[in-house]
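This briefing is meant for a reader who has not seen the structure before. Please look over the sequence and the model, then read the points by topic.

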Amino acid sequence: GGSVGAGGAAAGGVLSEEAWGKQSVHDSMLLATGSADLYAYVFDVGGTRAKLVQRLEGHTDRVHAVSFHPQDPLLATCSADSTIKIWGAKTDRYRNG
């Protein structure tokens, strides 16, 4: 993923197939969190226990906010490094960059 100055957006990368699975994003029970350790995390909370499915690397400071797109398999993360990264599912429609 790249980075840009304050207020800009940068490509984040690709969410793993395990994170999105073969199902529709609307059928998924995913939870994303930011963290003080420079990473965002994606958990599957659809079962009886939450399972970490992916750690998203690319920010150089704390991740303050995360937000899933309401319809498409996209996740935005916002960091104290003054970047916003967009993470997309690995499909033909969404590519890294």
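**Briefing**

Tyr 39 is partly exposed, with a relative accessible area of 21%. That value comes from a predicted model, as do the other values below. The chain has one helix and seven strands. In sequence order these elements give the pattern β-α-β-β-β-β-β-β. Of the 97 residues in the chain, 32% are buried.

**Aromatic residues**

- Tyr 39, Tyr 41 and Phe 43 make up one aromatic cluster.
- The count of aromatic pairs in the model is two. In one of them, the ring centres of Tyr 39 and Tyr 41 are 6.3 Å apart and the planes stand at 70°, so this pair is edge-to-face. The label follows because planes over 60 degrees apart count as edge-to-face.
- A pair of aromatic rings is described by the distance of the centres and the angle of the planes.
- Tyr 41 has a relative accessibility of 15% and counts as buried, whereas Tyr 39, at 21%, is partly exposed.
- Arg 55 lies over the face of Tyr 39, and the distance to the ring centre is 3.9 Å.

**Salt bridges**

- The model has two salt bridges. Side chains of opposite charge can pair when their charged atoms come close.
- Arg 55, the residue over the ring of Tyr 39, also has a salt bridge with Glu 57, at 2.7 Å from N to O.
- Arg 55 is partly exposed at a relative accessible area of 39%, and Glu 57 is partly exposed at 47%.
- A salt bridge also joins Asp 61 and Arg 62, with 3.3 Å between the closest N and O atoms.
- Asp 61 has a relative accessible area of 24% and is partly exposed; Arg 62, at 37%, counts as partly exposed too.

- Strand β2 covers residues 30–33 and includes Leu 31.
- Leu 31 has a relative accessibility of 41%, which makes it partly exposed.
- Strand β3 covers residues 40–44 and pairs with β2 in the antiparallel sense, over four bridges.
- Across this pairing, Leu 30 stands opposite Asp 44 in β3.
- The hairpin of β2 and β3 has six residues between the strands.

**A nonpolar surface patch**

- Met 29, Leu 31 and Val 45 make a nonpolar surface patch of about 250 Å².

**Loop residues with positive phi**

- Most residues other than glycine have a negative phi, and most peptide bonds are trans.
- Leu 38 is not a glycine, yet its phi is positive, at about 85°.
- Where is Leu 38? Leu 38 lies in the loop between β2 and β3, and at 32% relative accessibility Leu 38 counts as partly exposed.
- Ser 82 is likewise a residue other than glycine with a positive phi, near 70°.
- Ser 82 is placed in the loop between β6 and β7, the latter being residues 83–89. The relative accessible area of Ser 82 is 36%, so Ser 82 is partly exposed.

**A contact across the sequence**

- Ala 76 belongs to strand β6, which covers residues 74–79.
- Ala 76 is partly exposed, with 23% relative accessible area.
- Ala 76 and Ala 40 are 36 residues apart along the chain, and their C-alpha atoms are separated by 9.9 Å.

Definitions and conventions:
Residues are numbered from 1 along each chain as its sequence is written. This is a predicted model: local features need pLDDT of at least 70, side-chain atom pairs count only at pLDDT 80 or more; totals for chains, interfaces and linings use all residues. Side-chain values use heavy atoms; hydrogens and water are left out. Rings of Phe, Tyr and Trp (its six-membered ring) pair if their centres lie within 6.5 Å; planes under 30 degrees apart count as stacked, over 60 as edge-to-face and the rest as tilted. Buried means under 20% relative accessible area, exposed over 50%, partly exposed in between (1.4 Å probe, protein chains only). A charge sits over a ring if NZ of Lys or CZ of Arg is within 6 Å of the ring centre and within 35 degrees of the ring normal. A salt bridge is a side-chain nitrogen of Lys or Arg within 4 Å of a carboxyl oxygen of Asp or Glu. Patches are made of residues with over 30% relative accessible area and no salt bridge: like charges are joined within 9 Å, nonpolar side chains (Val, Leu, Ile, Met, Phe, Trp, Tyr) within 5 Å. Accessible areas come from the Shrake-Rupley method with a 1.4 Å probe; for residues, only the protein chains shown count as cover. Helices (H or I, at least four residues) and strands (E, at least two) are DSSP runs, numbered from the N terminus. Two strands pair if DSSP finds at least two bridges between them.
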